Amino acid sequence: MSKQRLNRLTPYMFVAPAALVMILALFYPIAYMIWGSFRDWDPSQNLSETEFVGLANYAKLLVDPAFHTSFWVTLVFAFTVVAVEMVIGVGLALLLDRNIRGMSVLRTLFILPMMIAPVVVGLVWRYMFHQTYGTFNRFFEAIGLPKVDWLGQNPLLSVIIADIWQWTPFIFILSLAALQSLPRSALEAARIDGATGWQQVIHIKLPLMMPVLIVTMLLRLIDAFKVLEVILVLTGGGPGLSTEILALRIARTAREFRELGEAAAMSNYLLMLLMVLTLGMFAFTRWQEARARRLQFAQEEEG
């Protein structure tokens, strides 16, 4: 009996160290943050010394215009950059998924922006957007167009362009890997049946790539909600609150306003939003897989 119990416990013993690390490194900080969001917490205080205020921090944020603005800016920024990056990244993967001389060098060049530190990306694009000696305005001046105050008149567009430039390679790499792992038998059968290149993309490649694309989009969307360095260097969240996303608002609330409880409540709002998006995408993936199985079953029944 003791040997049987030992055999049953053996898998759990192997998992226990990793589970302990996960509890300490993941669940404990989240629980600490959640508990802190119910307190009137100042950085000079220990959490145990703070006053319990219940849902006051959450209620305050619901009527805070600055929080509403930051929340809206975050949604616009995140969904815009992810949508554009998905289109460009998948398009480049489809374009470069072929055996052409020098293509490996070209693929390597495409992923270079992703390797640069975000602070450096912000500094480079801040110089390029400069109103007087920036690269874009020098080009406009050379062709007779008026200069544009990018960071003053179009700050959100400027940070969107910088983010797209840096993170489109991430979508490109994963999309290209998904393309190269597709079953060649299905593509060859489509060619034999007379399918054109666009028909193969729409009816074979994209449907087969969809599970990878959904996970890729989810990872990029989660990361886009937490962008901080590029925006901090480019615009500092301004002018006004025009580029202040939630991550920057949380940092300012904790550091400048010294309201750790309110910052923790903001973090929990962001966490809940990301959980809803994650669960929604996973539900969509499972629905799509179930639909594919039903269609395959129907085809087998007809055959």
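Predicted model: local features only at pLDDT ≥ 70, side-chain atom pairs only at ≥ 80, totals over all residues.
## Helices H6 and H7

Helix H6 spans residues 118-128, and helix H7 spans residues 135-142. Their axes lie 5 Å apart. The packing angle is about 25 degrees. Angles under 35 degrees count as roughly parallel, so H6 and H7 are roughly parallel to each other.

On the H6 side, the contact involves Trp-125, Tyr-127 and Met-128. These meet Thr-135, Phe-136 and Arg-138 in H7. By class, the contact has 4 nonpolar, 1 polar and 1 charged residues.

## Asp-40 in strand S1

Asp-40 sits in strand S1, residues 39-40. Its relative accessibility is 39%, so Asp-40 counts as partly exposed. The partly exposed class lies between buried, under 20%, and exposed, over 50%.

Arg-191 is 151 residues from Asp-40 in sequence. In space, the C-alpha atoms of Asp-40 and Arg-191 are 66 Å apart.

## The second largest pocket

The second largest pocket holds about 150 Å³ of space. Its lining consists of Met-33, Ile-222, Lys-226, Ile-250, Ser-267, Leu-270, Leu-271 and Leu-274. By class, the lining residues divide into 6 nonpolar, 1 polar and 1 charged.

Helix H14, residues 260-302, supplies the largest share of this lining. That share is 4 residues.

Note on methods: Residues numbered from 1 in each chain as written. Heavy atoms only, no water. Axes fitted to C-alpha atoms, helices over the stretch in contact; angles between N-to-C directions. Helix = DSSP H or I, 4+ residues; strand = E, 2+ residues; numbered from the N terminus. Parallel < 35°, antiparallel > 145°, perpendicular 65-115°, else oblique. Contact = heavy atoms within 4.5 Å. Nonpolar A, V, L, I, M, F, W, Y, C, P; charged D, E, K, R; others polar. Buried < 20%, exposed > 50% of the residue type's maximum accessible area, 1.4 Å probe, protein only. 1 Å grid on protein atoms, 1.4 Å probe; cavity = no way out; pocket = protein on both sides within 12 Å on 5 of 7 lines; lining within 4 Å. Points joined across faces, edges and corners; volume = space filled by probe spheres on them.
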